[in-house]
Amino acid sequence: MRIVFAAGEGTPFIKSGGLADVIGSLPKALVQKGHECIVVLPKYRDLKLADQLEYVTNYYIWVGWRRSYCCVFKAEYDGVTFYFVDNEQYFGRPGLYGYDDDEERFAFYDFAVLEIISHLDIKPDIISLHDWQAAMIAPLYKERYAYYEYYQGIKVTFTIHNIAYQGKCDPNYLTDLFGLDNYLYYNGNCRNDGCLNMMKSAIFYSDVVTTVSPTYAQEILTDEFGEGLQSILNMRRHDLYGILNGIDPDVVNPAKDPELVENFDINTVEEKKPINKAALQEECGLPVRADVPLIGIVTRLTWQKGLDIILEKMDELMQRDVQVIVLGAGDLKYEEPLKGIAAYHNQKISLNLKYDFGLSCRIYGGCDMLLMPSLFEPCGLSQMMSLRYGTIPIVRETGGLKDSVQAYDEYAQTGTGFSFKNYNAQEMLNTIDYALKVYNEDKDSWKDLVHRAMDAKLDWEESADAYLRVFNSLLD
Ligand code: ADP
């Protein structure tokens, strides 16, 4: 099977969130199962490994009425072919998204993906689209390209990584940027709530829709989680699949991670984790103490991630003998109160308001627990990384958190973390208290918990098979 992946980001070249990790690891897992995978990314100015790119070709494409130059570069990585589509006007600037002309930039990208297929003669069996940046490829293919002989017979899948970001925009863009007839807006195919909605369009036009965990696939059918797309998703519910993301064991691995002070595995964790913990406490300006439970929080500072309930109970949590390290950047609404409370409890809280990959690894490696009480969580990677590093997650039972963390059961001695059901600050604090009690008073159980967490099956093996089953069902 040949699969073309279209997404706004992918490791190791460019990353702003979990989407990049999926694009960096799912194609690799499929290649290892004998399939051919091609990933097409924008050629951002800040691309990593840029010196490994080689020029392939160039051509002009139409973005609505605009005739735009497109230059294509290529790199091979882990058996996957990456193509990068370049136009200086659109991508020769810092960062990834967040510009006023994002719709135009990604309209260019969407056309570039469809055009690259015929220009390089790489007609795939499947085009796998991810999130709003690639979403409009679905209507463009079904309403236009599928009528050209060369393109006929390709199947299109769309994966929702986070339904909160839909690509809602001016209805005029449908014609102006995408060159599609505006009756597709008026008949509702591409319309939602008075806007052109890129994600809705992809849900409507794709052959299959997937999302990144089984629980989230159920949640987004409801008014509470559907973000206004629950109706169209219910219409497509028989073509909707939830497949849990995996993590790449070659990349997320405490035995190989160069960012750690001491590497460790399941056999050496008791001996080596304390060394990482002490180094982390020192790095973060906290008293170096082996006995105090150390809780990490690694997150974008946004409403999705449970910051409201964390802030509500942080002061009360500080009445316990604990230390907390926060690593995150985002909304001032959360940064400012965090600064206040961290200044007050400066011997117990280390606040790091930045994006720092190295520190994130050392937090996963050195902390005892990771707190992730998300309001909603399509899949979540932080809790999976912390499991791998023997750092026990404390999570709310939503989306991928529910699917990847098994609640500790002290009677059966099973489970890999601690979890609570409702988005309620007191329930969260009770659960943290329970985790602290086990940590402080039942060392043997904690040790077993750490071993089960590190041993949890989180790689792509089963999930890649699940994607293949979905793709194959379209080809029969
Ligand atoms: P989301 O994609 O919604 O932000 P995920 O849990 O799926 O959440 O993925 C977040 C990824 O970004 C994880 O790999 C996490 O370690 C990383 N990350 C989040 N915030 C930071 C930060 N401030 N510094 C370094 N890495 C971060």
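This is a predicted model: local features need pLDDT of at least 70, side-chain atom pairs count only at pLDDT 80 or more; totals for chains, interfaces and linings use all residues.
**The ligand site**

Let's start with the ligand. Of the 20 residues around it, Arg300, Lys305, Lys354, Tyr364 and Leu381 come nearest.

| Residue | Atom of the residue | Atom of the ligand | Distance |
|---|---|---|---|
| Aspartate 356 | backbone N or O | nitrogen | 3.0 Å |
| Tyrosine 364 | polar side-chain atom | oxygen | 2.6 Å |
| Serine 382 | backbone N or O | oxygen | 3.2 Å |

Taken alone, the ligand exposes 570 Å², and the protein buries 92% of that.

In soluble globular proteins, nonpolar side chains tend to be buried together. In this model the largest nonpolar core has 101 residues, and Ile160 and Phe178 have the most contacts inside it. Helix 3 (residues 102-119) gives this core its largest share, ten residues. Another core, of 67 residues, lies apart from it; Leu294, Met314, Leu370 and Tyr389 are among its members.

What does isoleucine 160 touch, if residues up to four places away in sequence are not counted? Its partners are Asp131, Met199, Ile203, Val209, Thr210, Thr211, Val212, Tyr216, Ile220 and Leu233.

Helix 12 (residues 307-317) has Leu307, Ile309, Ile310, Lys313, Met314 and Leu317 buried. These residues lie on the same side of helix 12 because they cover an arc of only 140 degrees around the axis. An α-helix has 3.6 residues a turn, so residues three or four places apart point the same way. Met314 is also one of the residues of the 67-residue core.

Asparagine 276 sits in helix 11 (residues 269-283). Is asparagine 276 buried or exposed? It counts as buried, because its relative accessibility is 4%, under the 20% limit. Beyond residues up to four places away in sequence, asparagine 276 touches Leu260, Val261, Glu262, Phe264, Gly365 and Gly366.

Most residues other than glycine have a negative phi, and most peptide bonds are trans. A few places in this model depart from that pattern. The peptide bond from threonine 11 to proline 12 is cis, with omega near 5 degrees, and proline 12 is in the loop between strand 1 (2-6) and helix 1 (18-32).

Aspartate 78 is not a glycine, yet has a positive phi of about 50 degrees. This residue belongs to the loop between strand 4 (66-77) and strand 5 (80-86) and, at 42% relative accessibility, counts as partly exposed. Aspartate 193 also has a positive phi, near 55 degrees; its loop runs between strand 9 (191-192) and strand 10 (195-197). With a relative accessible area of 71%, aspartate 193 is exposed.

Finally, glutamine 152 lies in the loop between helix 5 (137-143) and strand 7 (155-160). Glutamine 152 counts as partly exposed, at 41% relative accessibility. Leaving aside neighbours within four places in sequence, glutamine 152 is in contact with Lys123, Tyr141, Ala146 and Tyr147.

Notes:
Residues are numbered from 1 along each chain as its sequence is written. Side-chain values use heavy atoms; hydrogens and water are left out. Buried means under 20% relative accessible area, exposed over 50%, partly exposed in between (1.4 Å probe, protein chains only). Helices (H or I, at least four residues) and strands (E, at least two) are DSSP runs, numbered from the N terminus. The arc is that of the directions from the helix axis to the C-beta atoms. A nonpolar core is a set of buried Ala, Val, Leu, Ile, Met, Phe, Trp, Tyr and Cys residues joined through side-chain atoms within 4.5 Å. Contact means heavy atoms within 4.5 Å. A residue is near a molecule or strand if one of its heavy atoms lies within 4 Å of it. A polar contact is a pair of N or O atoms within 3.5 Å; within protein, one must be able to donate a hydrogen and the other to accept it, and residues adjacent in sequence count only if both atoms are side-chain atoms. Accessible areas come from the Shrake-Rupley method with a 1.4 Å probe; for residues, only the protein chains shown count as cover.
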